[in-house]
Amino acid sequence: MSKVFVFSTYGGPDGQQFTEREVLPPGAGEIAIEVRAAGVNPADWKRREGAFGTHDPLPVAMGLEASGVVTAVGDGVQDFAVGDEVLGTPARGLGAFAEHTVLDAAQTVVKPEEISFTDAATIPVAGTAAYDLTHQVEIEAGQTLLVLGAGGGVGRMVLQIAKVHGFNAIGVASESKRELIEATGATFVPSGDGVAGRVREVVPDGVDLLADLVGGRVLRELAPLAKTPSAIVSAADAVTAVELGGSGREPAEGVLEKITGVVQYGLVDPHVDRTFPLEQAAEAIAAVESGHSTGKIVIVA
Ligand SMILES: NC(=O)c1ccc[n+]([C@@H]2O[C@H](COP(=O)([O-])OP(=O)(O)OC[C@H]3O[C@@H](n4cnc5c(N)ncnc54)[C@H](OP(=O)(O)O)[C@@H]3O)[C@@H](O)[C@H]2O)c1
């Protein structure tokens with residue numbers, strides 16, 4: 001038997017608990033892994049709250065990105081073998097906050113030696129989101145990129161990708177994240193009342209790309225800074241972004257391989273700020289649910 005963290009009711013964290021399940025065999029196109037690390041994302045608690053619907057049968061295994069060691073491969077899988085170190089996305093909602101899980105081979109890559117299991121576990125969700133947000137609307141070196149929520153798990157990687165491309169980046173975050181943001185070469189602008197005016201002082205002509213990781217009122221307030229509405233892209237709030245004339249994050253093909261390479265060559269450091277043992281999965285989720293985490297939070301086996 002093997003331990004997995006689940007929620008058994010839609011709603012608050014009280015519905016979360018550990019349960020035991022068989023070590024599952026991989027189906028066709030899947031690989032089974034012993035989990036070494038799992039990234040924690042806002043989507044974990046949003047899903048529990050029912051933000052994506054309440055149709056998944058309970059209990060629902062939690063965790064959407066993992067790294068680990070392959071223990072079995074399913075039919076038709078040719079790119080992986082038992083013993084390979086990998087990072088990827090759990091198949092069939094089987095969860096990542098677990099001792100063992102099953103990954104979708106099509107959304108899994110071999111973990112390069114240069115990347116630790118802990119860092120690797122931040123790539124399938126947060127890393128790919130950062131890559132998509134900086135590529136789905138093309139801008140060139142020297143053009144301006146404004147990032148809302150710049151000190152979080154995705155935002156910090158967005159700023160590092162911006163540096164690789166030579167974008168002139170501005171990161172909006174709380175004052176405690178100033179150093180973290182300036183370390184990427186970006187200009188820091190503190191969030192809170194009057195933020196649009198402060199950004200306008202830095203970029204009087206507006207920005208060529210607005211990458212949003214906050215959404216809602218903050219996105220509405222800063223949207224007029226985009227030179228054109230189509231330059232607004234949001235991973236946090238697609239509905240508001242589309243309403244403003246922009247778009248939600250659009251996952252592109254082959255991005256998992258690309259961002260893994262970028263991390264492998266040291267161009268992006270996922271900046272794992274805190275790790276928690278699997279036994280403290282609830283605490284790890286609560287830390288992300290606070291809404292003000294710095295960099296990534298990862299559960300390690
Ligand atoms: N669509 C997708 O596939 C996808 C993938 C990944 C993430 N996402 C979404 O993208 C968002 C960010 O994800 P994440 O993993 O980076 O979350 P995170 O690590 O929790 O970071 C969110 C950041 O936003 C900042 N923030 C909160 N309120 C703010 C405000 N009013 N103004 C400026 N910054 C504010 C927070 O810190 P401070 O306020 O302390 O600065 C925090 O650093 C979430 O909504 C998540 O669900 C979507």
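Is Arg92 buried or exposed? At 57% relative accessibility, Arg92 counts as exposed; with a 1.4 Å probe and protein chains only, buried means under 20% relative accessible area, exposed over 50%, and partly exposed in between.

A word on the source. This is a predicted model, in which local features need pLDDT of at least 70 and side-chain atom pairs count only at pLDDT 80 or more, while totals for chains, interfaces and linings use all residues. Residues are numbered from 1 along each chain as its sequence is written, and side-chain values use heavy atoms, with hydrogens and water left out.

Now the partner of Arg92. Arg92 forms a salt bridge with Glu30, with 2.7 Å between the closest N and O atoms. The rule for a salt bridge is a side-chain nitrogen of Lys or Arg within 4 Å of a carboxyl oxygen of Asp or Glu, and by it the count comes to 13. Glu30 sits in strand S3 (residues 30-40) and Arg92 in the loop between strands S6 (85-90) and S7 (100-110), 62 residues apart. Helices (H or I, at least four residues) and strands (E, at least two) are DSSP runs, numbered from the N terminus. Glu30 is buried, at 9% relative accessible area.

The next pair is Lys111 with Glu85, a salt bridge at 3.5 Å, N to O. Lys111 is in the loop between S7 and helix H2 (117-120) and Glu85 is in strand S6, so this pair ties together parts 26 residues apart in sequence. Lys111 is buried at 7%, and Glu85 is partly exposed at 32%.

One more: Asp208 and Lys227 meet at 3.1 Å, N to O. Asp208 is buried, with a relative accessible area of 15%, whereas Lys227 is partly exposed at 49%. Salt bridges with shared partners also join Arg48, Glu49 and Glu289 into one network.

Last, the helices. The axes of H3 (residues 123-133) and H4 (residues 153-165) come within 8 Å and cross at roughly 45 degrees. Axes are lines fitted to C-alpha atoms, for helices over the stretch in contact, and angles run from 0 to 180 degrees between N-to-C directions. H3 and H4 are therefore oblique to each other: under 35 degrees counts as roughly parallel, over 145 as roughly antiparallel, 65 to 115 as roughly perpendicular, and the rest as oblique. Among the residues of H3 that meet H4 are Ala126, Gly127 and Tyr131, contact meaning heavy atoms within 4.5 Å.
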